[in-house]
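Hello,

Here is the structure for your files. My notes follow below it.

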Amino acid sequence: MQQQPLINLIEDLTGDLSDPRVLWQLAAIIVSVVIGFGMARLLKKRFGRQEVHSGVLGFGVESFGRVMAPLMVVVLLALARLALRKYHFHVNWLDVAQPIFGSLVVIRFTFYLIRRVFARNGRTISATMLAFEKVFQLLVWLAFVLYVTGMWVDVLDILENTTLPVGKHRVTVADILQASASVVVLLMLALWAGAALEEWLMKVQGMHTNLRVVVSRTARALLILVSVLMSLSLVGIDLTVLSVFGGALGVGLGLGLQKIASNYVSGFVILLDRSLTIGDMITVDKYSGRVTQINTRYTVLQSLDGMESIVPNEMLVSGAVQNSSLSNSNVNISTKVSVAYDTDVDFAIQLLTDAALSVERVLKDKPPSVNLTTFGADGLDLTVNFWISDPENGRGGVTSDVNRAIWRALKENNISVPFPQREMRILGPVPTPVTGQESTTVPKE
């Protein structure tokens, strides 16, 4: 589109309104909008269905659902513009409509990237992200206004002629903005590609969970590294200066960042040796819970009460860890009960075994066992041992269910559970307190 001043643009648009052939332009705009949004909706509905949801094409159509509609409109408007120009029609209205939908494509695609990277997995959109989206949307529409009014060239000349001192050199504002935009765009594309690859790997069934995490973390780091190197090259920075930065980084790691480096290395060690897997129930130091995330620096444990603990990976490598799901998830739980001395012990043991077996979570292939542990002061102390295979669901609930089943069985068979009973005897006469004075004498027992 040739840059035009604002007055000439208004005159061209109003002039086209007096020409009956302007109906072709308006019809082309309306048809392009209807076809573009209609095709985008049909594609999203077709490839977003459950049976093809895991396909690559379905993933792309569903992800770019909001971007496809204006993008198709831009393509259709470009085709209509070429067709009308071939037959010597004016296309001034198409020249304005095409950048409008092009700006909408840029805005929606940027919003998609931002939310795909920073607001996925059910995370809420922060106020900072919303503010950035509003500012970016305002800048895009401002650029559109400058473009259609012909002021873009003047603004670009001002930016190219304005220089700022950077060390011993002077850099134009246009170069700074271009460098910043290239760095941001490449980093966002790298983060988006890493997030998309991670989501795809997490759905692969034939790969171990830890291997998926390792591949996704490594690929994401490589993508970020490549994007940084490419952006530095585009800016014009010599990559040989990174050798100085690498030396400084090595000194920093050796002096003050060894803990952070140790946590990162420990994270990859945990993922590679498969000592921990997402979903395992572990206990390390005073923290226990289910592993919900294994990141490169820390691991997240979620306890049964919902509290999340962030444990540095170095603790999981250098310290002792209790893992109830490493080789198998079977866990033994015990509970104690006392019965009276006149109880048939063999009958009571069979009764407690059947009561524990009646609980749904108790394993049937590893039946419970009941042991006579001690002859207590008040009765016979029995210990009931049983196994469960789902420790991630907690132990308190199944223990309570077993205790309730035992109590019902004892009550139904008239087996008494003894409770402590004490007798107190006072030897000798009870001393009479002096009138008007409280007695502080403690009687002998």
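The largest nonpolar core has 24 residues, and Leu352, Phe386 and Ile406 touch the most other members. (A nonpolar core is a set of buried Ala, Val, Leu, Ile, Met, Phe, Trp, Tyr and Cys residues joined through side-chain atoms within 4.5 Å; buried means under 20% relative accessible area, exposed over 50%, with a 1.4 Å probe and protein chains only.) β8 (331-339), α13 (345-357), β10 (380-388) and α14 (396-412) each supply at least two residues of this core. The largest share, 6 residues, comes from α14.

This is a predicted model, with residues numbered from 1 along each chain as its sequence is written. Local features need pLDDT of at least 70, side-chain atom pairs count only at pLDDT 80 or more, totals for chains, interfaces and linings use all residues, and side-chain values use heavy atoms, without hydrogens and water.

Next, the sheet. Five strands form an open sheet in the order β6-β5-β4-β3-β7, with antiparallel pairing. (Strands are DSSP E runs of at least two residues, helices H or I runs of at least four, numbered from the N terminus; two strands pair if DSSP finds at least two bridges between them.) β6 (308-312) and β7 (321-323) are the edges: each has a single partner strand, so one side of each lacks a neighbour in the sheet. Strands β3 (residues 281-284) and β4 (residues 287-294) run antiparallel, joined by 4 bridges. Threonine 283 sits opposite serine 288 in β4.

Last, helix α4 (residues 65-86). Leucine 82 belongs to this helix. Leucine 82 is exposed, at 56% relative accessible area.

Best wishes
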